[in-house]
Amino acid sequence: MKEYFFLLSSVTSAMKSEGILQKNGYKAYVFRDSSMNPYGCGYVVKASGDKENMAALLKKNGIRINEIKEGR
Amino acid sequence: MLYFDNAATTYPKPLAVRKAVEEAFLRYGANPGRSGHSMGMETSRAVYNCREKAAELFGISSPENVAFTKNCTEAINIVLMSIGRGGGHFIISDLEHNSVLRPLHELKKRGIIDFSVAEVFEGEPEKTVESYRKLIRRDTKMLVATGASNVFGIKLPLEMLAKLAHEHGLLFMADAAQVAGSEHIEMDKSGMDFLCAPGHKGLLGPMGTGIVASGKPELLRPLLFGGTGSYSLLADQPNEMPEMLESGTLNVPGICGLSVGISKILGEGEEHIAKREMNLAKMLYSEISSMKSAFLFTKPPEIETHSPVISFVLGDLTGEETAALLSEKGVASRGGFHCAALAHKKMGTENRGTCRLSIGPMNTFDETVRLIKIIHSLAKKY
């Protein structure tokens, strides 16, 4: 299963995203990585699963995703 | 000491709250939302957990729309300064605390807004709503109401006022300083746009904590600008909730204590807490009303119409003098004017003030009996 990195600007939206994805059966966890964020200082939710479904789920819950990067 | 000054801040805090504060210094000693090391992330998680609990307590679906402040006054200022910056007319009640009156008065002095004061009718919610309705103008922007007077305990019908506001396309802000933790509030369902609450009163958290919860966060603007741990390369203040309103380091030990306080309320339920407090308030009111030299200012308290706050004076004494006598007997009450000029003017107590006895979730039947005995003994002398 592919891994994706959801780039988010704040720790609050990252924690919320992690919770939403986990509640919906996805493996997800938060870490901080400012180098991945073009605006500096950001958080990343690393998650495995269907990219489109996960992104739709987060957007439906009001999460503003800065970028989605593909992992291994 | 017999502590009956819970409308100012609840005391004592539950042991679990005190332990959570102490534990925060050990387990959550990092700056939340700033660093990626394990303690930084754990601290961020502890803060987020509190946000989630507050959202659950106030019936708000998005935890990010709960921002932490240092107190209820700051929360109120965020809302009023945000909405008031574009001008317009506000309607407040004649029982509002200075935390509502003063920001609006300041905006009015600067020539930015105007505001009117609606009369509250004790125990008659429909009449109170009608008095707000009569003051609505074409340029009215927002209705503001306290959940209950901090001096007299008279409740306002928050949900009815929120409905009135929305019928007229207006915003509504609730100052829940005296009701958060003892009155069930469903922000999303009731359509309350903004709710401001202290963390250190009915929510049982430490002083230095407050909450602004918002159903329309896009209308809010920060009072403080600065570091948020997000968008750090941009000079512009981020516009994402809650960081937009939380510049600078948060009060993590306070928030950890607040988190446990909210958990206790979620566990026990606001209705149960309110009933317990009101039973004591009724007993206290009934006894004071039987004392010839004691003067009360409100009708007997009922859970639907009053919070457990009783204002009175003895003989010709001022509120401050009455409170001083109680203090000599080991009772903590509050005398004076309680930062509520409007309320004292309304009730005719602007000259002598009142002595306020406010019951909190930690007060017991035995404490109330002891308090009554003390007031009885003092009342005989006046």
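This is a predicted model: local features need pLDDT of at least 70, side-chain atom pairs count only at pLDDT 80 or more; totals for chains, interfaces and linings use all residues.
**Helix α10 of chain B**
- This helix spans residues 319–328, and its buried residues are B:Gly319, B:Thr322, B:Ala323 and B:Leu326.
- These four sit on the same side of α10(B), because the arc they cover around the axis is only 95 degrees.
- Their packing partners in chain B include three strands, β10 (309–314), β11 (331–332) and β13 (354–358).
- Strand β12 (334–336) and helix α12 (365–379) of chain B also pack against the buried residues of α10(B).

**The largest nonpolar core**
- You will find 130 residues in the largest nonpolar core, and B:Val79, B:Phe172, B:Leu195 and B:Cys196 have the most contacts inside it.
- Helix α9 (residues 270–289) of chain B supplies the largest share of this core, with eight residues.
- Both domain 1 (15–268) and domain 2 (269–379) of chain B contribute to this core, with at least three residues from each.

**Where the chains meet**
- Chain B brings 22 residues to the contact, and chain A brings 16 residues.
- On the side of chain B that touches chain A, nine residues are nonpolar, eight are polar and five are charged.

Definitions and conventions: Residues are numbered from 1 along each chain as its sequence is written. Chains are lettered from A and ligands numbered from 1 in the order in which they are written. A nonpolar core is a set of buried Ala, Val, Leu, Ile, Met, Phe, Trp, Tyr and Cys residues joined through C-beta atoms within 7 Å. A residue is buried if 20 or more other C-beta atoms lie within 10 Å of its own, exposed if 12 or fewer, and partly exposed in between; C-beta atoms are placed from the backbone. Helices (H or I, at least four residues) and strands (E, at least two) are DSSP runs, numbered from the N terminus. Domain bounds come from an automatic or database domain assignment. Two residues are in contact if their C-beta atoms, placed from the backbone, lie within 7 Å. Ala, Val, Leu, Ile, Met, Phe, Trp, Tyr, Cys and Pro count as nonpolar, Asp, Glu, Lys and Arg as charged, and the others, Gly among them, as polar. The arc is that of the directions from the helix axis to the C-beta atoms.
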